Amino acid sequence: MAMYSRLPGSVALITLQNPPVNALSAAVRQGIVDTVQRALKDPKVTSVVICGQNGKFCGGADIREFAGPMLGPPLVPMIHAIEAVDKPVAAAIEGVALGGGLELALGCHYRIAHSKALLGLPEVTLGLLPGAGGSQRLPRLIGLTAALDLITTGRHISAAEALKLGILDQVTDNNVVDQAVEFVRRVAGQPLDSRRLSTLPCPCPPDVDSLLDKAMVKGMEKERDLLTTLFNSGQARALQYAFFSQRVVGKWSLPSGASWDNSAARTISKAAVIGLGTMGRGIVVALALTGISVVAVETQEKQLAEASQAVPAMLQREAGRRSLATPPGVISFSSNLQDVSEVELVIEAVFEDMSLKLQVFRHLTSVCRPGTLLCSNTSGLDIDQLAAVTQSPGLVVGMHFFAPAHVMKLLEVVYGPRSSPEAVATAMQLGKRMGKVSVAVGNCPGFVGNRMLKPYLEQANFLLEEGATPQQVDEALEEFGFPMGVFRMSDLSGLDVGWRIRKEAGLTGPGVESTRTRQGRRYSPLPDQVCEAGRLGQKTGRGWYQYDGPGGRVARSDPWVHIFLEAYRAEHGLVARSIAPEEILERCLYALINEGFNILQDAMAAGPEDIDAIYVFGYGWPRHHGGPMFHAGQVGLGRILERLQHHHHNHPDVPHLKPSTLLRRLVAVGSPPVQTWREFINKERVHSQL
Ligand SMILES: CCCCCCCCCCCCC[C@H](O)CC(=O)SCCNC(=O)CCNC(=O)[C@H](O)C(C)(C)COP(=O)(O)OP(=O)(O)OC[C@H]1O[C@@H](n2cnc3c(N)ncnc32)[C@H](O)[C@@H]1OP(=O)(O)O
Ligand SMILES: NC(=O)c1ccc[n+]([C@@H]2O[C@H](COP(=O)([O-])OP(=O)(O)OC[C@H]3O[C@@H](n4cnc5c(N)ncnc54)[C@H](O)[C@@H]3O)[C@@H](O)[C@H]2O)c1
């Protein structure tokens, strides 16, 4: 909707009304068309101001409408009509003018903004281009180079930068609508031709003449044609899905009924981190950047000394990167766990060893004040077991960060059967304050992300046994869009991480026979043998690849690995075959997706959006493929089921390839769209079909 009011005197005020960001839905567009007509017809009105309610001008086209047929007045003629009005029209920009919102403002004759406003054309992040004249009006206003920068990066810019670029006519710290009203009163009666951007020539540097062909003249048509292509592309649908899934996960709910809107969070101002290795250091920095005072505890003297040098430097660097003058939080280092007695929340990040973690939790519960939240950064151990040794099991949750913890956007908040809604709400809110995408997940081995990673890694190892090389597997995955293939990624993280977990699970280590079947299923001892050879990845300069030296970053094919693989195959009587990239992708990705369906079935993730957000923000899943569950829908659930059946038939000793019941049920009911799975699962659960 848009509200019309005539201010005392001769100015008409049009207020966009579509909370929370005044997106340009069909109703808003209709409202604008009607109110602009009204202003035009009213002889007493000499000028017009367009603003948005609740401190936001406009967040752009209504992305929710993209999924269905476009109804209501189209944007392009609506903006053209505003530009053609013969009374001055000003946009009063508060909060945001993004995408179609900025395009609407560019159709106005003047633009006045509040100093805190953000402007931009972020369509590219949704797989689109500015489709309501933005690609044409902006270059005419600020030149091709500056416009291309904004259009191709999609970045949000401040009002100050927009003023400098010439997008804005005025910036104010005062009430922006009052300023705009005063402005249009002042300019009423002045000629408007030079303010109609679509009619202006495009100012360009001399070296880009070649870019200015007929496409510029026919720019609006070209814009529409290209937008049509993009609209129909899978990538645009995936990127728009990713936008919404990021927001869906913030509205978490637990099987108990507790949820984001009925659970109070505590605001944390003092925290502690236990263990200052790779993860602990990053977590300290992430907390300090949020303005939280941190007690950082490490028992090993050498590690403590190193961390007290490294952490302030990391903090300074990250504060600089985020343009913060001084890091807001205070950090104190200690070797004594007793020093955490006054904090409100503790995050444990010691080695992935259950008996050590139990010992730390027992100690924490005895030194901390009653009511302190105790969190673990474990990668997959049982949160409930940790909770059981504390005085308040309800105040124990997992806070699973990803390396490097001060950079990576994902946080899995793991609730055990006894975790209280308050503990979950506090961890979720703390994650949000740290700028993370926090996703609530259930307590099962590996939680969501690492649980799905297991079948993915397993398939990659099996493919090596069957004849592939690490490069072939990585290339197929990188071609799909992952920034790094599975072996390159394992070398980066450190091969000893998984080795330690497999030892803890009794799958390898002294006394375990070196067979290719363990605990009743196919097992590949390849990664264990690579570790036993002292090759732990980048940190040792050797892993699945070779590097220039310990800490080297550039992976090169290593003849040792090829000889090792050949000897391994010969020892086990395996005949190498040529494996196509399609098989590599199917085996790795479909096994991972299948586990995603098992996770949904077990209610360890509330919906497919949660899994997809975890994979996009924590595991480098290409955003333009939406996430594993969205991708499954795009490939077709029937196809995924058929290929899993095929691979399981060929590898009956690999349970991860056996199609999940949920996948079968979804196919049986006609493969409904991913957005409806959550509801389907809940219904099936009520009827005990899952
Ligand atoms: C089939 C062939 C057809 C061919 C051609 C058809 C022609 C059609 C013509 C189309 C013309 C295109 C016009 C234009 O160029 C395209 C666009 O404008 S695309 C949209 C561009 N805008 C954005 O990308 C902004 C997205 N939003 C944000 O970045 C942020 O939300 C914000 C505005 C900075 C605010 O941030 P926050 O305050 O943190 O709030 P949230 O992010 O949590 O959002 C709150 C709430 O609002 C919902 N929301 C936000 N923006 C939009 C939007 N543009 N449309 C719909 N909904 C939006 C968000 O999902 C949250 O909802 P909730 O989770 O609370 O339900
Ligand atoms: N490394 C990763 O990529 C990653 C990612 C996510 C989660 N995790 C998890 O985070 C945790 C830590 O992993 P990491 O990679 O940082 O390990 P790390 O080996 O780099 O560091 C662990 C640190 O804990 C210290 N420590 C051991 N016992 C202690 C005690 N009683 N009190 C204080 N400090 C003690 C050690 O001295 C060491 O400095 C593990 O649970 C791991 O599974 C790791």
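1. Start with I347: its bridge partner in strand 14 is C375. Strand 14 covers residues 373-376, and strand 13 pairs with strand 14 in the parallel sense over four bridges. Two strands count as paired when DSSP finds at least two bridges between them. Helices (H or I, at least four residues) and strands (E, at least two) are DSSP runs, numbered from the N terminus.

2. A word on the basis: this is a predicted model, where local features need pLDDT of at least 70, side-chain atom pairs count only at pLDDT 80 or more, and totals for chains, interfaces and linings use all residues. Residues are numbered from 1 along each chain as its sequence is written, while chains are lettered from A and ligands numbered from 1 in the order in which they are written.

3. Back to strand 13. I347 is also the bridge partner of V273, and strand 10 (residues 270-274) pairs with strand 13 in the parallel sense over four bridges. Strand 13, helix 13 (residues 354-367) and strand 14 make a right-handed β-α-β unit; right-handed means that, with the strands pointing away from the viewer, the path from the first strand over the helix to the second runs clockwise.

4. Are the faces of strand 13 buried or exposed? Both are covered: L345 and I347 on one side, V346 and E348 on the other, are all buried. Buried means 20 or more other C-beta atoms within 10 Å of a residue's own, exposed means 12 or fewer, and partly exposed is in between, with C-beta atoms placed from the backbone. In a regular strand, side chains alternate between the two faces of the sheet.

5. Now P404, in the loop between strand 15 (396-401) and strand 16 (410-415). P404 is partly exposed because 16 other C-beta atoms lie within 10 Å. Its C-alpha atom is separated by 7.6 Å from that of T278, 126 residues apart along the chain.

6. What surrounds ligand 1? There are 30 residues around ligand 1, and the closest are G60, A61, G99, G100 and G131. Helix 9 (219-231) is one of the elements that supply at least two residues of this shell, and helix 9 gives the largest share, three residues.

7. Lastly, the UniProt annotation "domain: 3-hydroxyacyl-CoA dehydrogenase C-terminal", from an unreviewed entry, covers residues 446-547 and 584-681; such annotations may be inferred rather than shown by experiment, with positions in the numbering used here and feature names shortened. Residues 446-547 are 53% helix and 4% strand. Residues 584-681 are 65% helix and 0% strand, with the end C-alpha atoms 30 Å apart.

How values were computed:
Near = placed C-beta within 6 Å.
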